[in-house]
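Have a look at the sequence and the structure first.

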Amino acid sequence: MTQSKAYTSDQDLEEAKSQCHLRSAKRILDGLQKLGGIYVKLGQHVSTMSYILPVEWTSTLAVLQDRCDPSSEKDLKAMFLNDNHQPLEELFDEFDWQPLGVASLAQVHKARIGEQWVAVKFQHPRLDEFYQIDLQTVSFIVRSIKRMFPDFGFEWIMQEMEESLPQELDFVNEASNAQKVVNNFENCSTALVIPKVLWAKRRILCMEFKYRQKLQMYSQR
């Protein structure tokens, strides 16, 4: 509709195209936020592509970098019981249910075990049930767009997600990678701080707590 209209000047045409991009980006943002999980992660990828996408898209989707909905206390308690085979209250002497941070795949809470403060990272429970279906859905959408528009060049995003997501969703693998980084820097003088992992399950990671200036270490985009 935007392209088919007549405009009195090139400036009016460019303004109309900008408004069209903005409306479309806001609709996509709303859909991604409602769907959550890997859809938010997909939007995060797209928001960084300022080298190829109009600014209306990248600026609108940029909010996905730091605005994700948290999983509920009830769902996290149920997942903890299922994965750790004990109620959360039996392990932690104190637990703050206000998340320190919420990302597309996980959220982090501050807790206390005895005298030690820890950061507990929970994968969003719904991901286990739906992420394979979500991946298949996104893959179908990308393939369909590619068939209709052969010059479509974003299929690499899907390929990257198919390779990286299974690894990102395994916190045992994350704990192993953290230890590798510790080993790689053990003989170096560096300001890099890597929280010590106390224990790890596939969907739950418990590590020593570091103060606010280091909280980005806990985030899972």
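## Charged pairs and the overall fold

Glu94 counts as partly exposed, at 39% relative accessibility. As for the wording, buried means under 20% relative accessible area, exposed means over 50%, and partly exposed is in between (1.4 Å probe, protein chains only). Keep in mind that this is a predicted model, where local features need pLDDT of at least 70, side-chain atom pairs count only at pLDDT 80 or more, and totals for chains, interfaces and linings use all residues. Residues are numbered from 1 along each chain as its sequence is written, and side-chain values use heavy atoms, with hydrogens and water left out.

So which residue does Glu94 meet in a salt bridge? The partner is Arg112, at 3.2 Å from N to O. This pair ties together distant parts of the chain: Glu94 sits in strand E1 (residues 94-95) and Arg112 in strand E3 (residues 106-113), 18 residues apart. Arg112 is partly exposed too, with a relative accessible area of 22%.

A salt bridge here is a side-chain nitrogen of Lys or Arg within 4 Å of a carboxyl oxygen of Asp or Glu. The structure holds 12 of them, and here are some:

| Pair | N to O distance |
|---|---|
| Glu73 and Lys77 | 3.0 Å |
| Glu94 and Arg112 | 3.2 Å |
| Arg126 and Asp134 | 3.7 Å |

Glu73 and Lys77 both belong to helix H4, 4 residues apart, about one turn of the helix. Is Asp134 buried or exposed? Asp134 counts as buried, at 7% relative accessibility, whereas Arg126 is partly exposed at 32%. There is also a network of salt bridges linking Asp83, Asp128, Arg202 and Arg203.

Most residues other than glycine have a negative phi. His85 is not a glycine, yet its phi is positive, about 60 degrees. His85 lies in the loop between helix H4 (73-84) and helix H5 (88-91), and His85 counts as exposed at 68% relative accessibility.

Finally, zoom out. The chain has 8 helices and 6 strands; helices (H or I, at least four residues) and strands (E, at least two) are DSSP runs, numbered from the N terminus. Of the 221 residues of the chain, 36% count as buried. Along its principal axes, the C-alpha trace spans about 70 × 40 × 30 Å.
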